[in-house]
Amino acid sequence: MRTAYPRLYERFGPQRWWPAESRFEVMVGAVLTQNTNWRNVEQAITNLKKARLMNPERMYLNRRRLPALIKPSGFYRQKVKKLTAFLKYFLSRYRGDLRRLKRRPTGVIRKELLNVWGIGPETADSMLLYALNRPVFVIDAYTRRILSRHRIANAAMTYDNMQALFNRCFKPVSRFYNEYHALLVRVGKTYCKKHDPVCTECPLRRS
DNA sequence: TGCCAGGCCGGGT
DNA sequence: ACCCGGCATGGC
């Protein structure tokens, strides 16, 4: 686990996450990408931008247009509900102002986000890490799969367990967490898909 | 062509 | 406390 990062970085280079023009766009993307291919999410985001709704107030006021716009990202009826819940929270609590949100401690924001319908641990942590640059390690399906296939963790570990594992190994540096998670997703996409056997080509494999 | 993608919720045991 | 079905589209 300690040696994984340099190997991944050497192999794949910087991943430039999160691809977005604003922090708000990152948060919207975090919801839209739930169990969804990023390519589909990009179409939805493009639609939102073209409609000039990539901003909290206007997105909320025009929420009736959301179904058609985010349809390509799948699960779209649920996601409209999720975005609306998030917008209501963000607008009522912080006036849709990132500067206000950024003043709050990480733990407080995380709790608030987890309290929003449709935002679970991964989505909350993605927002914290990639929109607010907080040193929070994001655990996703690839991370679980990679760690369990390499027998570093077992599949039964909870989200919080696995996150604690990283926190014990590494100092909380957001740039590093940012790149590390992105690299895990990158290697997972190529070498660790759902039904793949343990892969002999995997750059993480111990030789 | 079927299978999968950067989860989460709610109801059932 | 876990387990599982539902949610939906587009790409390969």
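Figure 1. Eleven nonpolar, eleven polar and five charged residues make up the surface near DNA strand B. This is a predicted model. Around DNA strand B there are 27 residues, and Gln 34, Asn 35, Gly 120, Thr 123 and Ala 141 come nearest. Helix 9 (121–131), helix 10 and helix 12 each give at least two residues to this surface. Helix 9 has the largest share, with five residues.

**Figure 2. Residues surround DNA strand C.** Which residues surround DNA strand C? They are Asn 35, Thr 36, Asn 37, Arg 39, Asn 40, Lys 71, Pro 72, Gly 74, Phe 75, Tyr 76, Arg 77 and Gln 78. By class, this surface has six polar, three nonpolar and three charged residues. Helix 3 (38–50) and helix 6 (76–94) each supply at least two of its residues. The largest share comes from helix 6, with three residues.

**Figure 3. Helix 10 crosses helix 12.** Helix 10 covers residues 141–149, and helix 12 covers residues 174–191. Their axes come within 9 Å and cross at roughly 70°. Helix 10 and helix 12 are therefore roughly perpendicular to each other. On the helix 10 side, the contact holds Tyr 142, Thr 143, Arg 145 and Ile 146. These meet Leu 184, Val 185, Val 187 and Gly 188 in helix 12. The contact of helix 10 with helix 12 has five nonpolar residues, two polar and one charged.

**Figure 4. Chain A is divided into domain 1 and domain 2.** Domain 1 is made of 4–15 + 137–191, and domain 2 spans 23–131. How far apart do the C-alpha centres of domain 1 and domain 2 lie? The distance is 24 Å. Seven residues from domain 1 and six residues from domain 2 form the contact. On the side of domain 1 that touches domain 2, helix 12 gives the most, with three residues. That side of domain 1 has four nonpolar, two polar and one charged residue.

**Figure 5. Helix 2 has buried residues that pack against other helices.** Helix 2 runs through residues 23–32. Its buried residues are Met 27, Val 28, Gly 29, Ala 30, Val 31 and Leu 32. Which helices do the buried residues of helix 2 pack against? They pack against helix 3, helix 5 (66–70), helix 6 and helix 9.

**Figure 6. A cis peptide bond joins Trp 17 and Trp 18.** Omega is about 0° at this bond. Trp 18 lies in the loop between helix 1 (4–12) and helix 2.

**Figure 7. Arg 52 and Arg 95 have positive phi values.** Phi of Arg 52 is near 60°, and Arg 52 is a residue other than glycine. Arg 52 sits in the loop between helix 3 and helix 4 (56–61). Is Arg 52 buried or exposed? Arg 52 is exposed, because 10 other C-beta atoms lie within 10 Å and a residue with 12 or fewer counts as exposed. Arg 95 is not a glycine either, and its phi is about 55°. Arg 95 is found in the loop between helix 6 and helix 7. With 12 C-beta neighbours inside 10 Å, Arg 95 also counts as exposed.

**Figure 8. Arg 103 lies in a loop.** This loop is between helix 7 (98–102) and helix 8 (106–114). Arg 103 has 10 C-beta neighbours inside 10 Å, so Arg 103 counts as exposed. Arg 103 and Gln 15 are 88 residues apart in sequence. In space, the two are 28 Å apart, C-alpha to C-alpha.

Methods
Residues numbered from 1 in each chain as written. Chains lettered and ligands numbered in written order. Predicted model: local features only at pLDDT ≥ 70, side-chain atom pairs only at ≥ 80, totals over all residues. Near = placed C-beta within 6 Å. Helix = DSSP H or I, 4+ residues; strand = E, 2+ residues; numbered from the N terminus. Nonpolar A, V, L, I, M, F, W, Y, C, P; charged D, E, K, R; others polar. Axes fitted to C-alpha atoms, helices over the stretch in contact; angles between N-to-C directions. Parallel < 35°, antiparallel > 145°, perpendicular 65-115°, else oblique. Contact = placed C-beta atoms within 7 Å. Domains from an automatic or database assignment. Buried ≥ 20, exposed ≤ 12 C-beta atoms within 10 Å, placed from the backbone.
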